[in-house]
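We'll take it one piece at a time.

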Amino acid sequence: MNQVPPMVTMTIDGTKVAVPKGTTVYQAAKGAHIEIPIFCYHDRMPPLGACRMCLVKVEKMAKLQTSCTLEAADGMVVSTIAPEVKAGQEAILEFLLINHPLDCPICDKGGECPLQDQTYAFGPGRSRFIEPKRDFAKPVSLGRVLVLDRERCILCWRCVRFGEIIAGDDALKGFERGFHSEINTPFTLPVESKFIGNTIAICPVGALTAKPYRFAARPWDNQAVSSVCTLCGVGCAVDFDVRGGAITRTRARESPAVNDIWLCDLGFFGHGYVHHSERLRRPLVRQDGNLVETTWDNALDLVAHRLRAAPPSRVAMLGGARLTNEDAYVAGRFFRGVLGTNHLDHRIDTRPQSASQSVPWGMAVSIAEIDQADVILLVGCDVTEEYPVLWLRMKRAIAHGAKVIAVTPKALEIHRFVDHHLVHRYGEGAAVVRALTGSHVEDSRAGGLGGVDSAAITAAAARLGGATRALVMIGRAALEAPDGVEAAAAVRDLAARLSVPVNVMRGKGNAFGAALGGLLPDAGPGGRPLADIAGDLQQIWNRAVAPQSGMTAPEIVETGAQGGLDVLYVVAADPATDVLDHTQWKAARARLPFLVVQDAFLTQTAQVADVVLPALVAPEKDGTVSSIEGRIQRLHAAVLGPGEARQDWTIFAALAERCGAEMAYSGWEEIFDEMQALIPGLALDARMNPMGGAIGRPARTPPPPVRAEAPSADFPFVLIPGEALFARGAMSARSAAIADLAGEPWAMMHPDDAARLPVAEGDAIVLQSPHGAAAVRVKVSTAVLAGQVFLPRGYDGAAANALADAAEALTRVRAIALTPTSAGAGSGEVGRRTP
Amino acid sequence: MVLSENARSEIRRLMAQFPQRQSALLGALFVAQDEVGYLSPDALADVAAVMDLPVSEITSVASFYHLYRFSPEGRHVIQVCTNISCQLRGCGRILDHLRRRLQVDVGETTADGAFTLKTAECLAACESAPVMMVDTDRLGPMSERDVDSLLDQYAHASTPSASRPRLAPPPVAPQTSMILKYIHEPDQGELEAYRRRGGYEGLRRALGMSPDGVTDEVEKSGLRGRGGAGFPTGRKWKFIPKDPAIPRYVVINADEGEPGTFKDRTLLEGDPHRLLEGIAIASYAVGAKQAFVYVRREFHHARTGLERALAQASGAGLLGHNILGSGYDLDVVVATGAGAYIAGEETSLLESLEGRRAMPRLKPPYYPAVKGLYSRPTVLNNVETLCHVAWILTEGVERYRQLGPPILISVSGHIARPGVYEVPLGTTIRQVIERAGGMLDGRPCKACFPGGSSSAILPAAYLDTQMDYDALAKLDVYGSMLGSGALIVMDDTTNMVEVVARTVEFYRDESCGKCTPCREGTMWLGQVLRRMLAGQGRSEDLALLDSIARGMTGTCFCPLGESVPPAIYSSLRFFRSEFEQYAKGAGGVPQAVHA
Ligand SMILES: Cc1cc2nc3c(=O)[nH]c(=O)nc-3n(C[C@H](O)[C@H](O)[C@H](O)COP(=O)(O)O)c2cc1C
Ligand code: SF4
Ligand code: SF4
Ligand code: SF4
Ligand code: FES
Ligand code: FES
């Protein structure tokens with residue numbers, strides 16, 4: 001496989017250049033530091049040869065050649081500077097400029113525009129074009145983030161090919177032909193993409209610009225700070241462009257092993273929350289029922305006092321996925337080592353006894369290895385909604401011939417690329433996975449196993465059987481389903497049979513770092529079981545740590561609701577919207593004597609807290625984070641935090657001092673050093689193994705009996721709680737562009753169900769369960785089976801957890817049509833995304 | 001849902017014909033357009049849903065082709081050809097007359113919704129110039145009187161289709177020939193008659209030979225592709241890899257669009273079985289199990305005839321399963337174009353056949369013989385080429401070389417008897433003009449395009465040049481070539497600036513828009529020429545025209561863009577004074593005066 005290709009030797013502008021066979025002349029020249037101008041060529045895509053800018057002269061060839069398409073050959077003699085070459089390039093540039101407005105001074109691309117640069121370097125310098133220019137309506141808006149100026153477009157086709165080759169979303173297309181050709185969306189509708197920011201980045205002119213960035217800054221005003229996106233678990237490398245103490249835009253930073261040169265739109269446009277006016281600036285305490293500002297000293301004294309007063313077994317901590325690794329570690333040290341409680345859990349959005357608590361979260365293989373898979377099995381993993389940039393890797397694998405099998409309760413957005421799509425009834429996926437292993441489970445219910453056609457299962461099983469490099473992923477929708485434990489076991493068995501590990505696609509933000517830092521009830525730093533690590537902790541922390549596991553997040557909430565807690569400390573999490581059962585959370589809050597929330601915003605949880613401590617967010621922090629593949633990456637603070645907000649670990653250090661413990665650090669490096677002493681292999685850019693979960697821990701209480709009641713006439717639909725990329729809580733809701741992309745809350749139902757109600761695409765409905773209600777707009781799609789309703793969890797306005805009951809395996813709902821708006825009225829962004 | 005269940009099942013039927021469903025897209029869009037009247041957003045969404053393709057993709061594809069419409073049009077669509085041959089024969093008057101009669105401009109629909117008036121590029125019927133189409137009927141040569149009676153008939157017919165006027169196209173001049181021998185027999189399209197005249201004997205003979213033997217025989221005949229590039233056909237077939245495990249395809253280029261060329265249409269309409277026989281022989285020779293005939297959309301009559309012939313031949317065991325008991329199977333599928341000259345270029349044709357925008361592919365790696373249709377080895381041949389193949393296998397290579405080798409020349413323009421003529425390779429231009437009855441009204445010849453509008457314009461001094469690949473290519477005129485064998489002759493009344501402007505505009509409107517020099521250069525040239533014709537010429541315009549053409553020369557992605565400079569260079573060289581006249585800013589030489 002890894003044969004070294006033979007070398008060829010050629011001459012470029014008199015210089016001898018040796019390159020591996022298969023290299024293009026353009027790349028060969030580039031390697032020899034000879035610049036050839038390009039527009040359409042982009043090294044992440046196969047050459048196209050469209051712009052004709054990269055002309056060179058090759059001896060023994062009659063015509064000028066495009067160097068981006070020409071393969072270097074032995075003995076080739078190339079000139080990039082011959083007069084014919086210069087004349088050719090001048091001609092091409094003149095052709096490009098005849099219809100270009102040359103409005104550089106007001107163009108966002110000005111200063112970083114290849115066309116502008118080429119015009120200076122190669123251009124004829126005057127225009128012989130006296131005819132009327134081609135004119136298009138001035139810039140058009142294609143949705144919430146993208147602006148298209150067709151007059152500036154030089155039709156290099158990069159953006160179109162990105163959508164076809166890299167993202168597979170066909171978001172921007174070419175329309176018409178010849179000199180009428182234009183880039184657009186069909187009927188200039190809002191662009192449908194999760195990756196459109198990349199097209200802005202690779203557009204060689206100012207034809208595609210970012211609405212959030214329009215006129216915000218000139219390139220030379222920006223200072224780039226390298227950091228990592230923490231908005232999902234992928235951990236894409238970014239540069240934050242900073243001007244005047246504020247982030248003006250996020251750009252991808254090249255990272256071959258992770259995001260290559262791409263980001264998703266959440267990453268591109270999701271930094272708005274950092275400078276949101278609602279950021280918490282000063283600590284708040286509850287006085288006479290209201291939260292009022294106070295000093296850090298007051299707030300910390302009060303919190304320390306309550307913590308000290310409570311017996312350790314009645315203190316619990318929830319959250320952590322938005323912390324750095326160091327923050328999480330210090331938090332863990334504070335609660336375990338200083339206060340003496342093991343009731344710590346960052347996994348607040350899991351069901352009681354769900355499979356999520358018994359499997360280690362994270363990828364067992366590296367992100368880069370995705371490219372090499374020959375069969376990809378996605379079980380309950382909605383990859384574009386949950387880990388978008390990983391899809392770009394999968395797309396690459398597909399281009400190399402990989403086949404995709406998806407076992408999900410809702411058809412994925414990438415369905416065109418899924419070879420075997422086994423869309424099943426929610427809660428019956430485990431049986432489908434079992435059937436894939438060949439151990440067929442006879443199903444008496446109508447419509448085949450879980451509603452999946454048995455021939456489709458057989459075909460998928462055969463495909464899986466032929467895999468030599470399978471990639472197996474299990475995600476939230478499987479782990480949290482009523483049959484999640486069984487699904488996890490089935491996936492584990494299947495992977496074992498294929499001799500590959502299971503990748504547990506679970507956790508947002510820095511969930512992996514929270515586990516690494518030790519924010520789990522049964523494991524300390526590095527995910528090491530308490531019994532195993534107790535000795536080391538004793539040495540470094542000077543404290544004995546209780547070896548018994550603490551309570552899991554659902555147990556903490558449940559215990560709280562039963563009056564079993566004195567203090568609950570919530571860090572960088574919003575249990576009010578994230579715990580499964582909102583009713584139970586409310587009960588817990590009501591019976592909690594003291595609730596501390598440490599966060600950047602006055603979240604729903606913070607609104608009912610007794611003390612609120614303002615914290616920094618990732619782009620304001622120095623330190624490290626961990627990604628879904630366990631990679632440790634460095635954050636550089638790009639901007640200062642608002643007001644008196646503090647980095648989380650310093651808050652815990654200050655509290656420790658008030659609790660009579662010495663826990664001071666000079667900075668993140670010192671913490672990291674301490675962590676290295678406890679966590680074998682921890683290093684910058686290293687990949688840590690998946691960790692966390694109840695390692696070898698038998699379930700303390702047997703799983704509650706699953707009360708899967710038969711469908712009732714009153715509540716005929718099964719609710720599928722799911723994920724939507726742009727709707728993920730406090731931070732996205734406060735990044736204006738992302739909130740716009742998320743649009744209004746929606747739910748998806750099958751056309752037959754919609755017809756029965758009757759409701760049409762875009763109509764408003766209320767979903768009601770015996771416990772609560774949520775108002776949403778309907779999307780009508782065959783992506784879900786009849787009798788099932790898909791509801792994304794992240795919309796504050798329609799919290800899925802208001803409908804659920806922690807004691808019930810399935811949530812059943814009914815749908816009530818509100819005054820129907822005309823079908824499609826909610827259209828535009830919301831209505832059109834339906835596959 | 002705006003599409004009926006019928007329409008949707010028709011789309012599914014089309015999809016089932018192809019190894020990849022997107023190949024059915026062009027046909028599917030016509031199904032939708034015919035039912036809804038135009039491609040509304042809802043209709044596009046329905047097609048996308050039935051075919052499981054992104055709406056953005058199918059909308060983008062649809063917008064590339066000129067025969068799709070995105071807003072409602074009249075009950076009847078009138079298309080007037082305005083390309084060179086029709087221009088030379090007075091299409092301008094026909095168009096003006098229609099404008100007056102219908103009270104609409106080009107692109108508009110009459111107030112009563114009865115007619116939409118449009119222009120068209122060469123309809124490959126230049127022998128009947130000036131030509132127009134009403135819906136799917138082709139009519140010509142048209143006079144103002146014909147237009148009047150036509151409109152009256154439509155106006156008075158309660159169901160226009162019942163009494164559709166038909167103007168008979170003039171028959172091809174009778175000739176003693178090989179390929180065209182039976183073209184004038186009205187029953188030649190019937191299997192029975194075709195077989196009676198020796199048809200399918202070539203196929204029978206081929207099936208008795210080894211595939212390589214067939215290829216050798218075709219190679220020995222010296223046959224060169226008649227689509228324009230003139231590549232030796234036997235040699236082309238030999239590029240196909242021998243490994244039988246790799247599926248391969250034969251694709252037939254029936255997209256005839258080079259202005260002035262109409263021999264393929266003539267063969268398709270007059271002798272469809274000969275083409276099918278040639279297809280079967282070619283497919284057998286390269287081991288293809290499937291062949292696709294990409295038929296230009298405007299050839300409604302030809303397509304119907306071909307499909308009929310296909311059904312007849314399949315029914316008789318001459319195509320399909322176990323052909324003539326030989327054990328060889330071949331499935332022939334008729335695919336459709338949708339209005340794009342560039343789709344005639346071989347790699348664009350493959351893109352189009354895969355249901356995409358007809359934009360040429362990069363060679364390498366996409367040489368059709370290596371990575372052709374669906375990235376499989378593919379032989380692509382022209383209609384006439386395969387008709388020659390059928391003849392060669394029937395009559396033998398010796399006779400073919402003895403009597404010819406023949407080529408078909410489409411003769412149009414200022415000629416007494418326009419039509420397709422079969423002549424031995426190497427006949428001079430002058431002789432061909434004589435065969436076609438000499439110049440119209442006996443006027444002197446001023447110039448000609450010897451190989452369609454993609455070739456250079458030759459002045460009368462070159463009339464003794466042989467119509468032969470090498471003789472024309474060797475002339476001292478850049479871009480002179482035999483091409484597809486379309487001889488367009490122009491007499492002394494011709495305004496060359498007008499002709500060049502129209503030529504440039506054709507390439508401008510047919511440019512796919514992929515590469516910069518063709519997309520922008522054709523537009524710029526067109527603007528300069530129109531400005532000059534409008535009396536706004538400047539002294540620097542001649543140099544400007546030449547320099548724009550130079551910027552395009554050797555820099556375009558595909559031959560379409562490279563087809564423009566020859567007309568510019570040759571006309572600036574041989575008819576410079578006419579350009580100089582316009583460069584003075586005044587009007588030019590007199591207009592054509594033909595009836
Ligand atoms: C712009 C352009 C248009 C063409 N149009 C046609 C056409 O309409 N019919 C055709 O047979 N060949 C056409 N050709 C030539 C084809 O690319 C190809 O050479 C030919 O179909 C091969 O068949 P042959 O070898 O039998 O000639 C065209 C080429 C170009 C560059
Ligand atoms: S919009 Fe930009 S990237 Fe897209 S084709 Fe135009 S210039 Fe190229
Ligand atoms: S994939 Fe995740 S980490 Fe990468 S840019 Fe998107 S949200 Fe950020
Ligand atoms: S020369 Fe370029 S723009 Fe013109 S048709 Fe060919 S590829 Fe398209
Ligand atoms: S960069 Fe080579 S053709 Fe565009
Ligand atoms: S049919 Fe009009 S030019 Fe050919």
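Which residues come nearest to ligand 1? Of the 19 residues around this ligand, the nearest are B:G227, B:K236, B:N381, B:N382 and B:T385. Bear in mind that you're looking at a predicted model.

Now zoom in on the oxygen atoms of ligand 1. B:N382 places a polar side-chain atom 2.7 Å from an oxygen atom of the ligand. B:N253 also uses its side chain, with a polar atom 2.9 Å from an oxygen atom of ligand 1. With B:E256 it's the backbone that takes part: a polar backbone atom there sits 3.4 Å from an oxygen atom of the ligand.

Let's stay in chain B and go to strand β5, which covers residues 249-254. Strand β5 runs parallel to β6(B), and 6 bridges hold the pairing. If you want a landmark, find B:V251, which stands opposite B:F292 in β6(B).

β6(B) has another parallel partner to look at: strand β7 of chain B, residues 331-336, joined to it by 6 bridges. Here B:A291 stands opposite B:V332 in β7(B). To get from β6(B) to β7(B), the chain passes through helix α14, residues 300-315, and this β-α-β crossover is right-handed.

Over to chain A, which is divided into domain 1 (7-81), domain 2 (131-270), domain 3 (284-354 + 511-621 + 641-693), domain 4 (363-505) and domain 5 (717-830).

Two more ligands are worth a stop. Ligand 2 is surrounded by 13 residues, the closest being A:C153, A:C156, A:W157, A:C159 and A:C203. Its shell divides into 12 nonpolar residues, no polar ones and 1 charged.

What about the shell around ligand 3? That one has 10 nonpolar residues, 2 polar and no charged. Cysteines around ligand 3 include A:C229, A:C232, A:C236 and A:C264, and A:P388 and A:V389 are also among the residues around this ligand. Helices α6 (265-269) and α10 (388-399) of chain A each supply at least two residues of the shell.

How values were computed
Residues numbered from 1 in each chain as written. Chains lettered and ligands numbered in written order. Predicted model: local features only at pLDDT ≥ 70, side-chain atom pairs only at ≥ 80, totals over all residues. Heavy atoms only, no water. Domains from an automatic or database assignment. Pairing = 2+ DSSP bridges. Helix = DSSP H or I, 4+ residues; strand = E, 2+ residues; numbered from the N terminus. Right-handed = clockwise from strand over helix to strand, strands pointing away. Near = heavy atom within 4 Å. Nonpolar A, V, L, I, M, F, W, Y, C, P; charged D, E, K, R; others polar. Polar contact = N/O pair within 3.5 Å; in protein donor to acceptor, adjacent residues only side chain to side chain.
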